[in-house]
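Please examine the aromatic rings in the structure shown below. The questions that follow take them in turn.

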Amino acid sequence: MAYADIAKVSGLLFYPDTEPGIRRRRAGRGFSYTAADGTRIDDTVERARIAAIAVPPAYGDVWISPLPKGHLQATGFDDRERKQYRYHADWTAHHALLKFENLGQFAQTLPGLRRWIASRLRGEVGDRDTAIAATLALIDRASLRVGNGIYAAQNGSYGATTMLNDHGTFEGGRVRLDYIGKGGARIEKDFHAPRLAEVLDACQDLPGAEIITWIDDAGTSHPVRSDHINQTLHTLCGDHATAKTMRTWNGSLAAFEVAAQPGKLSIAAMADAASDVLCNTPTVARNSYVHPSVIALAEMEATEREAFMKKLAKSPDIAGLRQHEPALAALLQMT
């Protein structure tokens with residue numbers, strides 16, 4: 001669903017910060033606000049709306065939407081020159097629901113995606129599809145963020161598409177990663193994946209600073225970028241699928257695996273499990289990466305939940321899905 005369509009369904013207007021907006025300027029101990037036509041905003045109701053957006057005082061080059069129902073309410077740059085966004089609460093809520101709503105559909109396409117990855121990993125190192133497949137395999141197996149080249153350059157933090165050669169070692173069929181992720185967190189991953197390790201090791205001999213690159217017909221080296229990843233996912237899994245969908249699946253799976261254990265279950269334990277896999281805080285993992293139907297399992301009595309999970313565990317095995325994934329897919333099909 002396009003952003004404009006999401007805004008419409010949410011009862012909002014799609015209004016990005018490329019459109020005219022309100023500007024904030026320092027005035028004594030506070031701020032003055034100027035409309036797009038150059039007039040100063042003194043209306044108390046409008047000032048109250050602007051104050052409620054709560055753009056931090058330290059942000060610079062602040063843009064504020066003139067529309068109370070604009071999907072984007074404000075943007076600005078923090079003290080590290082990173083662009084920050086303030087969305088309308090209804091936009092955020094509906095966008096999150098759409099992400100979770102499509103997770104069951106993604107589960108149905110996941111085996112096909114993994115078959116595509118496996119077939120392309122058998123291709124020649126340096127081919128574009130081989131590079132994209134290796135990047136998708138990293139996201140699938142290690143739950144990595146996709147990464148952004150500009151963000152990496154500005155902040156010194158990395159993801160699947162932006163990790164550098166010295167961020168990984170690939171020996172004995174194992175993939176070992178050690179790098180700084182979003183927010184300055186150190187991320188370490190170590191898992192067994194012989195063909196992926198072989199491809200990544202061979203990639204180190206290609207031109208380019210990134211772990212994974214590909215070579216065009218003219219012999220020019222290119223890094224894989226997030227739009228390559230998301231376009232491939234759109235083609236194989238549908239327009240709803242993005243790299244974040246893969247992380248949402250893995251976060252939901254980690255929480256689901258906790259729920260599959262007998263005995264007392266807490267939302268905190270599920271959030272912690274998702275956090276460990278995704279390298280997010282438990283709060284972010286729980287709110288953004290664990291499907292509500294998985295969280296709802298904690299509301300069941302232990303005996304009821306255990307019986308329900310045994311029923312889900314009888315879901316037929318599906319080639320291309322790993323342990324607990326068919327049961328999670330079955331749960332999502334019920335919602």
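**Aromatic contacts**

Trp249 is buried (under 20% relative accessible area, with exposed over 50% and partly exposed in between; 1.4 Å probe, protein chains only), at a relative accessible area of 1%. This is a predicted model, in which local features need pLDDT of at least 70, side-chain atom pairs count only at pLDDT 80 or more, and totals for chains, interfaces and linings use all residues. Residues are numbered from 1 along each chain as its sequence is written, and side-chain values use heavy atoms, leaving out hydrogens and water.

Student: How many aromatic pairs are there?
Tutor: Rings of Phe, Tyr and Trp (its six-membered ring) pair if their centres lie within 6.5 Å; planes under 30 degrees apart are stacked, over 60 edge-to-face, and the rest tilted. By this rule, the number of aromatic pairs is 3.

Student: Is the pair of Tyr15 and Trp63 stacked or edge-to-face?
Tutor: The two centres lie 6.1 Å apart. With an angle of 20° between the planes, the pair is stacked.

Student: What is the geometry of the pair formed by Phe106 and Trp249?
Tutor: The ring centres are 6.5 Å apart. Because the planes meet at 65°, the pair is edge-to-face.

Student: Which ring lies under the charged end of Arg247?
Tutor: A charge sits over a ring if NZ of Lys or CZ of Arg is within 6 Å of the ring centre and within 35 degrees of the ring normal. The charged end of Arg247 is 4.9 Å from the centre of the ring it sits over, that of Tyr289.
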